[in-house]
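The sequence and structure come first.

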Amino acid sequence: MADIRSKLTEFYSLEQMSLKNTVIHKIHPFSKLISTIIYIMCVVSLDRYSFQSLSFYFFYPVITIALAEIPFKMIIKRVIIALPFCVFAGISNIIFDKTIIFSIGGFTLTGGVCSFITIMVKSFLCVASVLILIATTPFSKLTLQLKRMYIPDIIIMLIEMIYRYIGVLMMQADSMMTAYKLRSPYSKFPHIKDMGSFIGQLFIHSADRAERIYKAMKCRGYGTLHIKQIQKKRMILNDYIFMSVVCLSSLMFLITGGQLNV
Amino acid sequence: MFKIENLSVKYPDGTLAVDNFTMNISSGEHIALAGGNGAGKTTLILALAGIIESDGKVIVDNIELNKKNISEIRKKVGVVFQNPDDQLFMANIYEDIAFGPRNLGIDEETIRHRVDDRLKLLNIEHLKYKTALKLSGGEKRMAAIATVLAMKPSVMLLDEPTAFLDPKSRRNLINILKKLPHSMLIATHDLTFANEVCENTVILKYGKIFSQGKSSEILYDNDLMNRGNLEAIENDYNKTTKQ
């Protein structure tokens with residue numbers, strides 16, 4: 001029980017970081033959002049064999065994490081969760097792409113291994129940059145910026161709902177697990193024969209709870225804000241400098257990497 | 001001024017949850033809405049906030065509740081839900097309190113002042129950056145009230161505010177609610193609480209107004225309360241008749 005609850009606290013602890021008052025936190029959300037998007041686009045545009053060029057892209061996460069005073073461990077722990085999915089995506093490259101890139105002594109580096117490493121590093125950098133964005137900007141301000149960028153309401157709502165629904169689902173699972181364990185003291189997890197009804201009930205209960213939360217949100221004006229009513233905080237010189245440095249250097253590394261993958 | 005005229009709510013299965021409810025709440029007045037389980041209290045509160053559809057008229061500060069005016073009504077009517085967990089869904093209490101004002105398009109500086117102000121009013125400044133997961137029931141309740149107060153509503157609708165509270169937190173809540181200048185409609189089973197906080201009480205039974213009057217009178221009426229599926233507050237007379 002305590003495990004799910006602590007996981008949930010950990011899940012939201014990254015967003016807790018967004019309330020700090022460092023130089024990175026003070027930068028306008030729009031500037032950070034655009035910088036992150038451009039950075040990710042540049043990272044994913046790099047050629048699959050140019051993993052050496054990717055090393056330049058470590059500048060952004062390393063510098064921002066340090067300036068924003070976010071524990072490296074916090075970001076690394078979360079990025080690691082995403083990596084197994086990338087292993088599945090990239091493993092076939094090792095098998096099928098046997099092009100030899102170079103060989104030193106008896107050691108040969110094939111294109112498959114090279115692209116596999118590139119996929120892993122690219123995923124690492126992309127996930128890390130998004131996590132940094134979340135850790136330095138409150139979620140509500142991010143969605144507000146998306147609204148200002150004329151992203152359709154339905155997409156923003158979907159993002160918000162998924163984000164909040166994770167918490168609802170975990171809290172519901174936590175209560176149900178407690179109730180289960182109290183009546184089944186010898187099992188740590190629901191028995192396979194109970195799993196069907198457990199998961200079914202979990203979704204029914206959490207859907208019910210999510211609906212109540214949605215009602216509470218609507219009561220506090222959710223969904224009534226028109227784009228014109230959003231108070232625009234003006235961007236200052238620092239915001240422009242941050243955005244220019246990140247975007248231009250990302251583009252520069254991409255171009256000097258010399259292998260734009262278009 | 002909060003005016004409710006002939007309000008009715010019908011569930012999709014045809015059940016009439018609220019039937020012809022009429023009432024006026026004047027500025028600063030606190031009214032208790034008592035009734036047994038399934039009397040229609042929560043449904044009525046949700047209908048008054050425009051969350052569920054209803055027939056009849058609801059007028060808040062001369063603005064009538066309809067689809068066109070829904071955002072204006074949401075500004076003026078604050079709802080405190082029965083379970084504070086439903087109301088605290090952001091990463092920390094600051095963000096939760098700021099959620100409503102942000103939806104009203106208020107600038108960040110004003111929001112920050114407003115949040116600090118409400119936290120101070122309810123004596124929960126220490127909870128500002130805490131996550132709701134780590135709060136006690138009483139703290140959660142106070143935080144939920146702060147989320148509503150931050151929207152500066154003229155009317156507050158509270159659904160079972162004393163649920164999940166220990167006696168000390170309940171006492172604290174009573175003191176806070178008594179201090180607040182807002183008009184309030186409080187749905188509750190806790191009749192001693194209703195008697196302390198509200199001047200008048202409306203008893204709801206099967207969605208209809210069963211009785212209404214001064215809290216200090218009707219809540220002690222054993223016979224009336226029994227017929228309304230409730231239990232009267234014990235006084236010396238009630239105790240003797242029970243024995």
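## Interface between the chains

About 3,000 Å² is buried between chain B and chain A, and carbon and sulfur atoms give 61% of that area. The model is a predicted one. Chain B brings 35 residues to the contact, and chain A brings 27 residues. Of the area that chain B buries against chain A, 22% is supplied by B:Asp86, B:Phe89 and B:Leu133, more than by any other three residues.

Four salt bridges are counted between chain B and chain A. A salt bridge joins the side chains of A:Arg209 and B:Asp86, with an N to O distance of 3.4 Å. B:Asp86 is also among the three residues that lead the area chain B buries against chain A.

## Helix α7 against helix α8 in chain A

Helix α7 of chain A spans residues 139-148, and helix α8 of chain A spans residues 153-183; their axes come within 10 Å and cross at roughly 165 degrees. Because angles over 145 degrees count as roughly antiparallel, α7(A) is roughly antiparallel to α8(A). The crossing of α7(A) with α8(A) is right-handed.

On the α7(A) side, the contact is made by A:Phe139, A:Thr143, A:Leu146 and A:Lys147, and on the α8(A) side by A:Asp153, A:Ile156, A:Ile159, A:Glu160 and A:Tyr163. Sorted by class, the residues in this contact of α7(A) with α8(A) are five nonpolar, one polar and three charged.

## Helix α2 against helix α7 in chain A

Helix α2 of chain A, residues 29-45, packs on α7(A) at an angle of about 75 degrees, and the two axes are 9 Å apart. That angle makes α2(A) roughly perpendicular to α7(A).

From α2(A), the residues A:Pro29, A:Phe30 and A:Leu33 meet A:Lys141, A:Leu142, A:Gln145 and A:Leu146 of α7(A). The contact of α2(A) with α7(A) has five nonpolar residues, one polar and one charged. A:Leu146 of α7(A) takes part here and also in the contact with α8(A).

## Helix α8 against helix α9 in chain A

Helix α9 of chain A covers residues 192-219; α8(A) packs against α9(A) with axes 8 Å apart and at an angle of about 130 degrees. The two helices, α8(A) and α9(A), are therefore oblique to each other.

α8(A) passes α9(A) in a crossing that is right-handed. By class, the contact of α8(A) with α9(A) consists of 18 nonpolar, four polar and three charged residues.

Conventions
Residues numbered from 1 in each chain as written. Chains lettered and ligands numbered in written order. Predicted model: local features only at pLDDT ≥ 70, side-chain atom pairs only at ≥ 80, totals over all residues. Heavy atoms only, no water. Axes fitted to C-alpha atoms, helices over the stretch in contact; angles between N-to-C directions. Helix = DSSP H or I, 4+ residues; strand = E, 2+ residues; numbered from the N terminus. Parallel < 35°, antiparallel > 145°, perpendicular 65-115°, else oblique. Left-handed = near helix turned anticlockwise from the far one by under 90°. Contact = heavy atoms within 4.5 Å. Nonpolar A, V, L, I, M, F, W, Y, C, P; charged D, E, K, R; others polar. Buried area = accessible area lost by both parts, 1.4 Å probe.
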